[in-house]
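Student: Please show me how to read a few features of a protein structure, one at a time.
Tutor: Here is one to work with.

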Amino acid sequence: MSVLVVVECDNGEVKKSSLEVASYGSQVAQMLGTTATAVAVGEATEANLATLGEQGISKVLHDNDSRLKDFVNGAYTKLIAAAAQQESAQIIVLANSNIGAAVGSRLSVRLQASLATNVVELPKMDGGQFVVKRGAFSGKAFSDVILSGERKIIAVKKNSMEPLHNAGQTATVEQFSAQLTDADFADAPKQVIMQEQAGGILLPEADKVVSGGRGMKGPENWNLIEDLAKALGAATACSKPVSDVDWRPHHEHVGQTGITVSPNLYIACGISGAIQHLAGVNSSKVIVVINKDPEAPFFKAADYGIVGDVFDVLPKLTQAVKELN
Amino acid sequence: MKFLVCISNVPDTTTKITFTPDNKELNKAGVQFVINPWDEYALTRAIELKEKLGGNVTVLNVGEADTEPNIRKALAIGADDAIRVNAKPTDAFFVAQQIAAAAKEGGYDIILMGKESIDYNGFQVHGMVGELLGIPTVAPAIKLDVEGNTATLEREIEGGKEIVEVATPFVVSCQEPMCEPRIPNMRGIMTARTKPLKVVEPTGEAARTQVTAFALPPKKQGVKLIPAESAGDLIKLLRNEAKVI
Ligand SMILES: Cc1cc2nc3c(=O)[nH]c(=O)nc-3n(C[C@H](O)[C@H](O)[C@H](O)COP(=O)(O)OP(=O)(O)OC[C@H]3O[C@@H](n4cnc5c(N)ncnc54)[C@H](O)[C@@H]3O)c2cc1C
Ligand SMILES: Cc1cc2nc3c(=O)[nH]c(=O)nc-3n(C[C@H](O)[C@H](O)[C@H](O)COP(=O)(O)OP(=O)(O)OC[C@H]3O[C@@H](n4cnc5c(N)ncnc54)[C@H](O)[C@@H]3O)c2cc1C
């Protein structure tokens, strides 16, 4: 019996969300008195995979088939299933990402495993039952869920675990081949188009986010959002009406019908705080609201607030960050 | 071309979520149930494709009789017929088995779903159905076009998108901006009443997960307001007090 963690890599580096997954997996292994092995997907380098030792991972399986660089559902599922078989893994931990959830759901059927996505805490053993806590109702609630059966798959929500810092520990990287054939790549993408990221920071992975709403008045004013984001090393986001009218690209839209973010810091500028917007951001650790209307509902969900005009406040904040650095 | 659109029945997005006193179930009192917003994209896109290519759109819901008003609404928007699998949808795997069984029986070319159900936020039924049927799943897709029996899709990935080509049959989970969801018109509402709605009994294995308790997120302490004149102080608080920068 062991724990298998799936780590996603990008440009040779392990994604931050996958460090959290590795940390989760090794802590579960410790609870169960076993070890955690990782299997890498995406573009990985051996040197970087070895650093997973810091997350309590002893061994990393790496298939250097170059076709695995981009996400291919069929191939990734087969690779991870083969790794789970080899390691007799009873628990598989992955990120609650577009990749992790897509692979996890297929694996759960193939391996006859129970599956919980959007998991926010380490499991509890409760009267012989394996119980995980997961987000439900779009961030408006949590649920405790029993995972039954021999095998369990857990998709961990971003930013809900701290990476470990076992300085100096390294993992051994082992070559692994899942004997993938062309048929496994039938759903390979024809083309991959990456977005221009403001400041190079990916919104779903960001730990700081500066977000703008209709109160920003127009796309020509977004330099105020971008300047603050740049000074903070934050990603930029927006409310739905802003992307609906094309002030900002659709992939920046957060909320119930956009993407869900859970950064350490979310700064909302000129956003009223509609319930559908809050659903996508309310698991952020610290929420700052800047709005000229003291009655804006967002203040009820905020930790810090400034009642004021964004055009006056944002430059002051950017200046203050620059002075601090 | 035969389209199967799967819809879940969820609390309206403005619902203030509360639970029954034992915290085991959603308190449904005063809650309005709607078609899962993402499933509206799946439904509208299926209808658009049918209008272009010809064929038939079937909607399917796994749920008890109280979901029928929303199934009728889907028929009013433009689906041709409907199936309700008569069961309480206890978890994603249970639901996926019902959809896969119906899909096998009906021989659909494209099975459309929403990105996720906004009640349990599983983001998993589509992958499970694809695996149960041994066909590809493309999730989440922001674009879907069909030519002959090949579809071209744009799949959203973290930080970008992939262009994917798959042959039918396949499963796709839809999200905006795939299309502009339609609302029912008067004629649609009238004709929906007489469109066929078949009720079938569930099959397959039991659920693999079980919710034992719900909880609301911890309440915020209350907002700390900083005067606009000294906005820069906020940055100091974020560094020294909240320790997030
Ligand atoms: C089914 C459904 C799903 C939805 N999903 C989403 C979703 O995923 N994400 C989302 O964001 N919305 C979503 N919405 C829309 C949501 O209900 C709100 O309409 C939307 O969030 C409002 O966006 P906003 O706050 O930018 O604009 P507004 O509500 O117009 O708010 C603008 C705010 O800016 C303030 N303001 C104006 N000028 C200034 C200034 N100079 N300085 C400071 N403040 C200023 C105003 O006081 C106001 O509070 C959804 C709605 C529905 C029905
Ligand atoms: C009274 C009641 C109690 C429930 N209790 C639970 C519970 O305790 N635990 C639990 O996990 N679920 C429960 N559900 C079911 C829940 O509504 C979902 O149907 C199911 O769990 C799948 O959720 P998901 O978030 O995993 O779906 P996702 O994987 O997020 O859904 C993706 C897509 O699958 C399709 N889909 C999902 N559900 C259905 C459905 N029922 N019928 C047709 N298509 C569907 C939709 O197209 C949806 O967009 C309950 C539902 C009701 C009405």
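Tutor: A charge sits over a ring if NZ of Lys or CZ of Arg is within 6 Å of the ring centre and within 35 degrees of the ring normal. The charged end of Arg208(B) sits over the ring of Phe93(B), 3.7 Å from its centre. In chain A, the charged end of Lys133(A) is placed over the ring of Phe142(A), at 4.8 Å from the centre.

Student: What kind of model is this, and how are residues and chains labelled?
Tutor: This is a predicted model, where local features need pLDDT of at least 70 and side-chain atom pairs count only at pLDDT 80 or more, while totals for chains, interfaces and linings use all residues. Residues are numbered from 1 along each chain as its sequence is written, chains are lettered from A and ligands numbered from 1 in the order in which they are written, and side-chain values use heavy atoms, with hydrogens and water left out.

Student: How is a pair of aromatic rings described?
Tutor: By the distance of the centres and the angle of the planes. Rings of Phe, Tyr and Trp (its six-membered ring) pair if their centres lie within 6.5 Å; planes under 30 degrees apart are stacked, over 60 edge-to-face, and the rest tilted. Over all chains, a search finds 7 aromatic pairs. Phe137(A) and Tyr120(B) form a tilted one, with 5.7 Å between centres and 50° between planes.

Student: Why does the pair of Phe137(A) and Tyr120(B) join two chains?
Tutor: Phe137(A) lies in the loop between β7 (129-136) and β8 (141-147) of chain A, and Tyr120(B) in the loop between β6 (110-114) and α4 (125-133) of chain B, so the pair joins two chains. Helices (H or I, at least four residues) and strands (E, at least two) are DSSP runs, numbered from the N terminus.

Student: How many salt bridges cross the interface of chain B and chain A?
Tutor: A salt bridge is a side-chain nitrogen of Lys or Arg within 4 Å of a carboxyl oxygen of Asp or Glu. The rule finds 4 across this interface. One salt bridge joins the side chains of Glu176(B) and Lys240(A), at 3.5 Å from N to O.
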